[in-house]
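Please read the following points with the structure open beside you.

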Amino acid sequence: MALLLSALRVLLGGFFALTGAVKLSEQISTPASEQMKALFVQFAEVFPLKVFGYQPDPVSYQTAVGWLELLAGVLLVTGPPMLQKISNLFLILLMMGALFTLVSLEESLSTCIPAITCLGFLLLLDVCQFLD
């Protein structure tokens, strides 16, 4: 069981580190980076704190999410157990925000499936770490 949890942690951490890096650098994948820029303009429009009068700049929003994904992904793989739990929590919150954003934009279910899958695996990892 511990080996499966370690493998899941490494896969999730690597995935989030890579997606964070793509959001931060155009050199990894120029088409993906351009697509992210366009998406974050839409994401900023439905930002959850907009009801309180705060709407982020799309570029700053993309940069903040990219750094959070990159750092949390790296810590999920290489950090000590306490930092792994904290980074897992941050990624769970990030995926909940992503789902809120996609639902607010009235995206199709097929568009939401990656975020739902990642959230499910992160929650599974969290529950299994709690039980261990």
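1. A crossing of two helices is called left-handed if the near helix is turned anticlockwise from the far one by less than a right angle, and right-handed if clockwise. Helices here are DSSP runs of H or I with at least four residues, numbered from the N terminus. The model is predicted, so local features need pLDDT of at least 70 and side-chain atom pairs count only at pLDDT 80 or more, while totals for chains, interfaces and linings use all residues. Residues are numbered from 1 along each chain as its sequence is written, and side-chain values use heavy atoms, with hydrogens and water left out.

2. The crossing of helices α1 and α3 is left-handed in this sense. The axes of α1 (residues 2-24) and α3 (residues 58-78) come within 7 Å and cross at roughly 155°, where an axis is a line fitted to C-alpha atoms, for helices over the stretch in contact, and the angle runs from 0 to 180 degrees between N-to-C directions. That makes α1 roughly antiparallel to α3, a label given to angles over 145 degrees, whereas those under 35 count as roughly parallel, 65 to 115 as roughly perpendicular and the rest as oblique.

3. Contact means heavy atoms within 4.5 Å, and among the residues of α1 that meet α3 are Arg9, Leu12, Phe16 and Lys23, while the α3 side includes Trp67, Glu69, Leu70 and Val77. By class, the contact of α1 with α3 has twelve nonpolar, eight polar and three charged residues; Ala, Val, Leu, Ile, Met, Phe, Trp, Tyr, Cys and Pro count as nonpolar, Asp, Glu, Lys and Arg as charged, and the others, Gly among them, as polar.

4. Which residue forms a salt bridge with Glu69? The partner is Lys23, with the closest N and O atoms 2.9 Å apart, a salt bridge being a side-chain nitrogen of Lys or Arg within 4 Å of a carboxyl oxygen of Asp or Glu. Because Glu69 lies in α3 and Lys23 in α1, the pair ties together parts that are 46 residues apart in sequence. Glu69 is buried at 5% relative accessible area, and Lys23 counts as buried at 12%, since buried means under 20%, exposed over 50% and partly exposed in between (1.4 Å probe, protein chains only).

5. The whole structure holds four salt bridges. In one of them, the side chains of Glu34 and Lys37 meet at 3.8 Å, N to O, and both residues lie in helix α2 (residues 30-45), three residues apart, about one turn of the helix.

6. Helix α4 (residues 81-104) contains Gln84, which counts as buried at 11% relative accessibility. Leaving aside neighbours within four places in sequence, Gln84 is in contact with Arg9, Leu75, Leu76, Val77, Gly79 and Gln129.

7. The axes of α4 and α5 (residues 109-131) come within 9 Å and cross at roughly 155°, which means that α4 is roughly antiparallel to α5. The crossing of α4 and α5 is left-handed, and its contact residues divide into 14 nonpolar, four polar and two charged.

Methods. Helix = DSSP H or I, 4+ residues; strand = E, 2+ residues; numbered from the N terminus.
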